[in-house]
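These exercises concern charged side-chain pairs. Work through each task with the sequence and the model open, then compare with the solution.

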Amino acid sequence: MSGSRDITLGVHVGHDAAAAIVADSRLGYAEEEERHTRRKSQDGGPWKSIAAALAAVSASERDVRTVALTWSLSRYLDCRRDLADHAHRVGNDAWHAKRQREIAIVRDAVEELRRRFPNAEVVDVPHHQAHLACAVSFAPAPDAPGPVLGVVADALGDAESVTAFAASDAAGLLGAPEVVLRRSPRQSIGFFYKRASEAFGFSGSEACGYLMSLSGCGDGGEAAGFLRERLFARDGQGLWSFLEAGFDPFRGHAGSAARCFPEDVLARLALPAPAEDGDLLARAAQANAIQRVTEAYLEELLGHESLGGRSSLGG
């Protein structure tokens, strides 16, 4: 195979490992590793997806010019080291082990990528910008021309949980957009939703999905009002922030979510006893309260004055 082709391999290492390949400016293949391993949310390196991507464009490892990672590697590793150190200090062994494992997986996978693709430059793409590129590519165009806003929220990106990007138009979000808002891992909406799902009684990688599905079947307005008062306050920037006394994601881990919340908040999050007739409305209302608080948090961030005057594109 001639090395004259312009081939870029995109690689996501970690949870939901995936690979995509662009050959001569055309997307040739994109798939998550779980499709090959049949293991939901497969983590680690996407080695089977990489092999399939190369085959799809009739290329070899030596033909690839660029390997693009979906992490800003130094920030990712520094953040996980800090979180691991914090977990060790507070005696959270499970959290410490999880972060150490993440560090090892990403570090080892990057070394393996450099070995496998000797002719390629390995480049970092900040994690939330990788999400942003996907959102821009698939979101409908804004209704009106002018400044746009791209918002990404997840549990923990490189070292932030929410990032808002601004640009003069949608195309500008794919170039060098301005970062107008960042939230720390302690303010992670993803961590909150996962911990709340665990406190509710769901577990495993699908815990959030179960809670989300149930939440649409009930009305938890009263409980949501209580949770908003106990969980949030405005910080020095005027932004809604989680109160450490109401929610601290680093006090608990999967299986011990109760440590993240005080008793009165936990009582509103926990799975209520089933009614004698088997009615699920009480459960659905409780799940709906968690969903409402989660959505309100994002709405508050998006409504902040620092983001005003722009069209929201998605995230």
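The model is predicted: local features need pLDDT of at least 70, side-chain atom pairs count only at pLDDT 80 or more, and totals for chains, interfaces and linings use all residues. Residues are numbered from 1 along each chain as its sequence is written, and side-chain values use heavy atoms, with hydrogens and water left out.

**Exercise 1.** Characterise the pair R99 and E102.

Solution. Step one: the two side chains form a salt bridge (a side-chain nitrogen of Lys or Arg within 4 Å of a carboxyl oxygen of Asp or Glu), with an N to O distance of 2.6 Å. Step two: R99 and E102 are three residues apart in helix α4, so about one helical turn separates them. Helices (H or I, at least four residues) and strands (E, at least two) are DSSP runs, numbered from the N terminus. Step three: R99 and E102 are both buried. Buried means under 20% relative accessible area, exposed over 50%, and partly exposed in between (1.4 Å probe, protein chains only).

**Exercise 2.** Which parts does the salt bridge between R234 and E300 tie together?

Solution. Step one: the closest N and O atoms of R234 and E300 are 2.9 Å apart. Step two: R234 belongs to strand β9 (residues 232-234) and E300 to helix α10 (residues 281-302), so the bridge ties together parts 66 residues apart in sequence. Step three: R234 is exposed, at 52% relative accessible area, whereas E300 is partly exposed, at 23%.
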